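Please keep the viewer open as you read.

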Amino acid sequence: MPPRVIILGSGTPTPHTARWGTSFLVGIGGDWMMFDCGFAATYKLAQAGFMATQVDNLFFTHHHSDHDADYPSFLLTRFDMSIGKENELNVYGPTLTEQLTERLLGEGVGAFWHDIVARTNHPLSLGAYVERGGKLPRKPPKINARDIGPGTVATGKHWEITAAPVEHVQPYLDSLAYRIDSDEGSIVFSGDTRPCASLTNLAQGADLLVMECIRLERDHEGNAYGDSETGTIGAGQTAQDAGVKRLALVHQIPAMDEPVMHAQALHEVTSVYDGPVIWGDELLEVPWE
């Protein structure tokens, strides 16, 4: 069966009832992983019918807040719901991933270390832990956070993940796109980027490209948007040049959901890409047929 890809967050930093922040859930061969953890991602994970404890691998494309602001919520929820039998959490991302993790839950120094101390010592929390099936003593969470660069970054029994650099807001933040290869299918997450050769090369022949498509192309001409992000024509052309089998559009500004702009966006994308196009809505499971 093909991988499962569920869009948890398909928005930007702008709060909106339809979309806010970026996050994706992927299931392959019984393994669940997340890509980015933007605003309210943990809540949306629950809305989709999953628990944070089901996710063993988390990958960050970059460290803008709309891609990592819910990271503390995810870490704390995963620990609070644990029974001590879960796999250790692996976290991968560009520079700052290790620093961010340490500053959140580092022993004695993390901003939320006080929560871990309380939940591993007070009878109230220990009782809830035992009721869920945990066995005392309750241990603090183990998080394997790694700063990574291009190349093969993680492997599982049924999958391999490769990263490539993409062009967004350098030199202030490093940005990565990811490709998952498995017997069940191949998926590429662009992250935030302008169209670039490294992304096109990474996505060659993929079954699915999950691609930023933040605005209409006319709004990207001769300005910082065009230098840092991907619009409609850029998204479609990247998919066409890479020869991907299907394209999911994500990271839209709220105005892109208005009927006229929505229709124009799809028209522009399909004018240069001849494969199936999916409009990425939150909590949508991406279809493979």
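What follows starts at a single asparagine, moves through the strands around it and ends at a second sheet region. Please bear in mind that the model is predicted.

**Around N57**

Let us begin with N57, which sits in strand β4, residues 55-59. Is N57 buried or exposed? Its relative accessible area is 8%, and because the cut-off for buried is under 20%, N57 counts as buried. If neighbours within four places in sequence are set aside, the residues in contact with N57 are W32, M33, M34, L89, N90, Y92 and W159.

One name on that list deserves a second look. N90 of β5 stands opposite N57, and the side chains of N57 and N90 make a polar contact at 3.2 Å.

**From β4 through β5 to β6**

Strand β5 covers residues 89-93, and four of its five residues are buried. β5 runs parallel to β4, to which three bridges join it. β5 is also parallel to strand β6 (residues 143-147), and here the number of bridges is five. Within this second pairing, Y92 has R146 of β6 opposite it. Y92 is also among the contacts of N57.

| Strand pair | Sense | Bridges |
|---|---|---|
| β4 and β5 | parallel | three |
| β5 and β6 | parallel | five |
| β12 and β13 | parallel | three |

**The seven-stranded sheet**

Now for the last pair in the table and its surroundings. Which strands make up the open sheet, and in what order? Seven strands form it, arranged as β7-β8-β9-β10-β11-β12-β13, with mixed pairing. The edge positions belong to β7 (151-155) and β13 (277-279); each has a single partner strand, so one side of each lacks a neighbour in the sheet. From one strand to the next, the twist averages 20 degrees.

L249 has W279 in β13 as its bridge partner.

Two helices complete the picture. Helix α9 (residues 232-242) packs on the sheet and touches β11 (208-212) and β12, and its direction makes about 155 degrees with that of β11. Helix α10, residues 259-270, lies across β12 and β13 and runs at about 155 degrees to β13. If you turn the view to β12, you will find it named in the descriptions of both α9 and α10.

How values were computed: Residues numbered from 1 in each chain as written. Predicted model: local features only at pLDDT ≥ 70, side-chain atom pairs only at ≥ 80, totals over all residues. Heavy atoms only, no water. Buried < 20%, exposed > 50% of the residue type's maximum accessible area, 1.4 Å probe, protein only. Polar contact = N/O pair within 3.5 Å; in protein donor to acceptor, adjacent residues only side chain to side chain. Contact = heavy atoms within 4.5 Å. Pairing = 2+ DSSP bridges. Axes fitted to C-alpha atoms, helices over the stretch in contact; angles between N-to-C directions.
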